[in-house]
Protein chains: 2
Amino acid sequence: MIAAEIITIGDELLNGDLADTNTARLGALLRARGLGFGAGQTVRDDPARIAAALALAASRAALVLVTGGLGPTEDDVTMQAAAAFAGVKLREDEASLARIRERFASRGYPMTPNNRRQALIPEGASALENRAGTAPGVRMEVDGTTFFFFPGVPLEVDALAADHLLPWLSQRVPAGSRASHTFKTFGKTESQVATLLEPLPRAPDLHVAYRAHFPTIQVTLHVDEPDAGVRSARLEALSTEVRRLLGPIVFSEAQGGSLAEAVVRALAGAHATLALAESCTGGLATAMITEVPGASEVLVETAVTYSNDAKTRRLGVSEALLAEHGAVSEACARAMAEGIRAGSGAQLGVAITGIAGPGGGSADKPVGTVHIALASEDGTRHRALRLPFDRARNRVVSAFAALDMVRLHLNA
Amino acid sequence: MIAAEIITIGDELLNGDLADTNTARLGALLRARGLGFGAGQTVRDDPARIAAALALAASRAALVLVTGGLGPTEDDVTMQAAAAFAGVKLREDEASLARIRERFASRGYPMTPNNRRQALIPEGASALENRAGTAPGVRMEVDGTTFFFFPGVPLEVDALAADHLLPWLSQRVPAGSRASHTFKTFGKTESQVATLLEPLPRAPDLHVAYRAHFPTIQVTLHVDEPDAGVRSARLEALSTEVRRLLGPIVFSEAQGGSLAEAVVRALAGAHATLALAESCTGGLATAMITEVPGASEVLVETAVTYSNDAKTRRLGVSEALLAEHGAVSEACARAMAEGIRAGSGAQLGVAITGIAGPGGGSADKPVGTVHIALASEDGTRHRALRLPFDRARNRVVSAFAALDMVRLHLNA
């Protein structure tokens, strides 16, 4: 297994001007081949600091990916630092210079002298054609470590990685010895999920990773085993055990799968349609659903009814009910769910009403009080939440809880 | 000037599971005090690697911020590594344990044994109360370097930095010599905004930074000048010039100010109310509006009408109109805006109808075709968009464009 590291270069990354995404994008690319970064460094646009970072990474890794500092301006000094680290001079790469000239000519832009700097690469290194930008990438070998230098712009990183890094990896990396599987859960905290999974074996070939992505918790099983057949059997057996231990809180095992996607899929699978009545979530649950392509097949309509008047006019919630119980109540949630179901003709009607905060709370109904109801041909079910978060997170959890009620109803 | 570094901890940061944003958020916080990180390291959840990273940072910096690895699970090993680095043992911090117990009790969650681990901190270090989460932060001094340890969750980083890091900095760092001001714009690309600002002076005391935060572009002016009076006068004069050059595309100059917030403020200021009819955005524009506390004062209701049937039933769009022009048309957008305005009694009715993709496009109406309309007592205005993005970004731009139409109408 190749030990790999990453170095991201640029004052803007350390001054708070820009959040680095290249570490994550290149990390995902390596992981797809069973690799991962052992460490990362972020360095200022300073030749001495960059050279020191290259030396540190080379002392630990056989593959070092470097992004940033290949632009045309004075503060782009990565190539200068790379040459100093390797103990060589910079040379002008003719093919790169020709491509830079051609790029400017084809766009009708004047080429400025500093663009010519972008053709300078360390002696002995190879220029890598960049179809997405001006600066070439560079591959350099120093004492058994291979360095790939890419510009900092994510689109150019993607293009250079696809065109030059992946082919290089394919020749050198045997199919990975790690297999992984991810479960996405909603409804329990990270430590509750960990407690549920305590019966899993402690074994050197198994690593269980938790990641909170509010309000969900993701659990990833990593199995390390050189034999592909043993590896996949082991991962499958462990995954079956995880499914048994976690039960219905798992809403997705798909890469990038969202709760909304699981709900849309479950609705489509059941040939069922949905309509929503949202109060405190203000359209958030619907926006989550409609993010999924194909949502129009299952979502009939939504009414966002903030005011009592709109609840009466659009959903048929009676004024007497509102006067007796208030808009944030089990009775109102049930009436909203039944009202949107009847008015839309959808099979399932879902309602959310509550107090997201920061204002609007009382001793009786504090901020975080939320009522959710699901009306179907089987009758109407209700759930009360008492959430401890701020406005934004109270809304997100309420929307998730409402969608999850639909998922659990359809899977039951 | 204090030399500072950052260390971000977590396998997920190096495996491609998560892009780090803490370096950027803490970097921006330091820069507001005239400081910045000299370097950053990203490290796996491995005690030996973390201890080595702490030692390297301590060799170069007097202040080291560390995020991640304070959670309750087995792979959270930052405290263990910090104790090993400092050559001390872990101790259970009583005050932190009491807060953790209280936090669970107040929410009615059972406290699991692994939550107790979160009260373990190195001997000699101080626990920092975390109002946003379970794990306390930790401050530790080793050989003249001060370490702050924060959890990885951005909300908790923000809370701990505001409560503990900023007061610590205020006692040690003289007021910075830099003043900054940020303008948030919508409707132009980064290079278009830069072109509008070309008349700004080129001066060594002025740094103009651009940051794209899709679909907005933020422009920040930084003025470096030791004299506080001169500095604020210079920043104010330059800000006035920027306002003149950018004109109505600036929707906010407030820290954290969103377009939706500007719209809610403008509606409240004009004592106007709003109702929305959303098709392709599926509730997204309403979710953005209702994210703002106090939105209930200005938003009467929203109808998310995906189907033609719902457009007719809820908004009174005639079947003849739909048959002649289709749902994605100027005529339909106008009828939807007028229908929601009439039905809700709001002063302003806004409608969005379009094809977000990936499916649903045709030669005549390709993916990205969006119609927006605003109905008011002055009549109905319409805007057509032809967007080049994917589904998610087409929806976001459509929602922004609709809200911006309200803002510009009210500010006109």
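In strand 12 of chain A, A:Ser252 is the bridge partner of A:Lys184. This pairing belongs to a predicted model, in which strand 9 and strand 12 (residues 250–252) of chain A run antiparallel and share two bridges. Chain A is divided into domain 1 (4–172), domain 2 (178–252) and domain 3 (259–411). The C-alpha centres of domain 1 and domain 3 of chain A are 50 Å apart.

- Within strand 11 of chain A, the residue opposite A:Arg178 is A:Asp224.
- Helix 9 of chain A covers residues 228–246, 19 residues in total, and spans 26 Å from first to last C-alpha, close to the 27 Å expected at 1.5 Å a residue.

- Helix 10 of chain A comprises residues 259–269, and its buried residues include A:Leu259, A:Ala260, A:Val263 and A:Leu267.
- A:Glu261 of helix 10 of chain A is buried as well.
- The partners against which the buried residues of helix 10 of chain A pack include strand 9, strand 12 and strand 13 (274–278) of chain A.
- Helix 11 (284–290) and helix 15 (391–411) of chain A are also among these partners.

**Contact between the chains**

- Chain A contributes 62 residues to the contact and chain B contributes 65 residues.
- On the side of chain A that touches chain B, 27 residues are nonpolar, 23 are polar and twelve are charged.
- Strand 2 (residues 37–43) of chain A pairs with strand 2 (residues 37–43) of chain B through five bridges, in the antiparallel sense.
- In this pairing, A:Ala39 has B:Val43 of strand 2 of chain B as its bridge partner.
- Within chain B, strand 1 (residues 4–9) and strand 2 run parallel, with six bridges between them.
- B:Ala4 has B:Phe37, in strand 2 of chain B, as its bridge partner.
- Strand 2 of chain B is largely enclosed by the rest of the structure, because six of its seven residues are buried.

**Nonpolar cores**

- The largest nonpolar core has 118 residues, and A:Leu274, A:Met336, B:Leu274 and B:Met336 have the most contacts inside it.
- Another core lies apart from the largest one and has 102 residues, among them A:Ala4, A:Leu35, B:Leu120 and B:Val138.
- Leaving aside neighbours within four places in sequence, the contacts of A:Met336 include A:Ala277, A:Leu315, A:Val317 and A:Ala351.

- B:Ile121 lies in strand 5 (residues 120–122) of chain B.
- B:Ile121 counts as buried because it has 27 C-beta neighbours inside 10 Å, and a residue needs 20 or more to be buried.
- Not counting residues up to four places away in sequence, B:Ile121 touches B:Met79, B:Leu90, B:Arg91, B:Asp93, B:Ala127 and B:Val138.
- The C-alpha atoms of B:Ile121 and B:Leu321 are 69 Å apart, with 200 residues separating them along the chain.
- A:Gln347 is located in the loop between helix 14 (330–344) and strand 15 (348–354) of chain A.
- With 18 other C-beta atoms within 10 Å, A:Gln347 is partly exposed.
- Beyond residues up to four places away in sequence, A:Gln347 touches A:Ala272, A:Thr273, A:Ser376 and A:Glu377.
- A:Gln347 and A:Ala375 are 28 residues apart in sequence, and their C-alpha atoms are 8.2 Å apart in space.

**Backbone geometry in loops**

- Most residues other than glycine have a negative phi, and most peptide bonds are trans.
- A:Asp143, which is not a glycine, has a positive phi of about 50 degrees.
- The loop between strand 7 (137–142) and strand 8 (145–150) of chain A holds A:Asp143, and this residue is exposed, with 7 other C-beta atoms within 10 Å.
- A:His271 follows helix 10 of chain A and has a positive phi, near 50 degrees.
- A:His271 lies in the loop between helix 10 and strand 13 of chain A and is exposed, with 9 other C-beta atoms within 10 Å.
- The peptide bond from A:Phe214 to A:Pro215 is cis, with omega near 0 degrees, and A:Pro215 lies in the loop between strand 10 (206–213) and strand 11 of chain A.
- B:Gly357 and B:Pro358 are joined by a cis peptide bond with omega of about -5 degrees.
- B:Pro358 is in the loop between strand 15 (348–354) and strand 16 (369–376) of chain B.

How values were computed:
Residues numbered from 1 in each chain as written. Chains lettered and ligands numbered in written order. Predicted model: local features only at pLDDT ≥ 70, side-chain atom pairs only at ≥ 80, totals over all residues. Core = buried A, V, L, I, M, F, W, Y, C linked by C-beta atoms within 7 Å. Buried ≥ 20, exposed ≤ 12 C-beta atoms within 10 Å, placed from the backbone. Contact = placed C-beta atoms within 7 Å. Helix = DSSP H or I, 4+ residues; strand = E, 2+ residues; numbered from the N terminus. Expected span 1.5 Å × (residues − 1). Domains from an automatic or database assignment. Pairing = 2+ DSSP bridges. Nonpolar A, V, L, I, M, F, W, Y, C, P; charged D, E, K, R; others polar.
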